[in-house]
Amino acid sequence: MFFYLLNIFAAFTGGVVNAALFFFKHSDSSALILKTILLFISGLAAGFIIAFVLIWIFFIIAAGAVNPNKEYTTVSKFYHWVFASWYEYINCIARVKIKTTGMENIPKDKRFLIVSNHRSAFDVFVQTVALKHEPIGVISKPENFNLPLAKGFMTRNLYLSLDRDDVKKALGTILKAISLLKNNITSISVFPEGTRSKTGELGEFKPGCLKVAESSLCPVVVAVMDGTQNVAKNFPFKKTTVNFDVIKVYTGDEVEKSNTIDMSAEIHQMMLQKLGK
């Protein structure tokens, strides 16, 4: 929101300055009001574009300053703020409005595993903004770490690459996630479906993703997102309302007493009921 407001402020300032300069310089013009309005609009557009470019230059420089080959062990407060702000900025540009429920149930004193459905590339954007005060490392496919701008932010915010075709690397990722949770360094986000749903229907779960919670005995936050699948088709003419609902929080004790298969089935059923399907 900070960068979005900065963009709006720069645009408005550009419009006012441009119009004011013309007004005081051509106060005897016969079509003064119309010309002033046109120049205000042109200044507005110029201010927005200039601020937009400068903001993205800032994001690019910040991302480029991260060493992608270094294994970071802590989350940088600065990079957490920048990454969350970047996601929030994109949400604002895409005209996404997030409505949340159940946020009061999220653990305040302990990192957790967050489990949610997966409908769109915007899911991570929405989740990060909804939980912007909580550092979250997302378990993501290796291809996402090749994205030029996102790669630096993902690395510095302890995102984890999960290569399902390489058992040894996948095990290393799971062990890393367990270590991060046990040491209370960052929360971890997983999508049990394993990939985005192409139909909008909730896919089958892979219970193995809950092994992270079972081994670290961390709380499990169950969240449902609805509406992200509409962002691409609504942009730029319509706003999109996205619901982010925390529907259940398992304590560490509850995780210890359960097993991944039963918990996965229970979570799947809860999500189906929340989505009305």
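Phenylalanine 83 and tryptophan 86 both belong to helix H3 (residues 77-93), three residues apart, which is about one turn of the helix. The model discussed here is predicted.

Biologist: Are phenylalanine 83 and tryptophan 86 buried or exposed?
Modeller: Buried means under 20% relative accessible area. Phenylalanine 83 has a relative accessible area of 2%, and tryptophan 86 has 7%. Phenylalanine 83 is buried, and tryptophan 86 also counts as buried.

Biologist: How many aromatic pairs are there?
Modeller: Rings of Phe, Tyr and Trp pair if their centres lie within 6.5 Å. By this rule the count of aromatic pairs is 23.

Biologist: Is the pair of phenylalanine 58 and phenylalanine 59 stacked, edge-to-face or tilted?
Modeller: Planes under 30 degrees apart count as stacked, and over 60 as edge-to-face. For phenylalanine 58 and phenylalanine 59 the centres are 5.9 Å apart, with 55° between the planes. The pair is therefore neither stacked nor edge-to-face, but tilted.

Biologist: Why is the pair of phenylalanine 83 and tryptophan 86 stacked?
Modeller: A stacked pair needs planes under 30 degrees apart. The ring centres of phenylalanine 83 and tryptophan 86 are 5.7 Å apart, so they fall within the 6.5 Å limit. The pair is stacked because its planes are at 20°.

Biologist: Which residue caps the N-terminal end of helix H10?
Modeller: Helix H10 covers residues 260-275. A side-chain oxygen lies 3.2 Å from the backbone nitrogen of isoleucine 261, and the residue that supplies this oxygen is asparagine 259.

Biologist: Which elements do the buried residues of H10 pack against?
Modeller: The buried residues of H10 include Met263, Ile267 and Leu272. The buried residues pack against strand E2 (113-116), helix H7 (211-216), strand E6 (220-226), strand E7 (240-250) and helix H9 (252-257).

Biologist: Where is the cis peptide bond that involves proline 236?
Modeller: Most peptide bonds are trans. Proline 236 is in the loop between helix H8 (231-234) and E7. With omega about 5°, the cis bond joins proline 236 to phenylalanine 235.

Biologist: What is the phi of arginine 95?
Modeller: Most residues other than glycine have a negative phi. Arginine 95 lies in the loop between H3 and strand E1 (96-101), and is partly exposed at 31% relative accessible area. Its phi is positive, near 65°.

Conventions:
Residues numbered from 1 in each chain as written. Predicted model: local features only at pLDDT ≥ 70, side-chain atom pairs only at ≥ 80, totals over all residues. Heavy atoms only, no water. Helix = DSSP H or I, 4+ residues; strand = E, 2+ residues; numbered from the N terminus. Expected span 1.5 Å × (residues − 1). Buried < 20%, exposed > 50% of the residue type's maximum accessible area, 1.4 Å probe, protein only. Contact = heavy atoms within 4.5 Å. Polar contact = N/O pair within 3.5 Å; in protein donor to acceptor, adjacent residues only side chain to side chain. Phe/Tyr/Trp six-rings, centres within 6.5 Å; stacked < 30°, edge-to-face > 60°.
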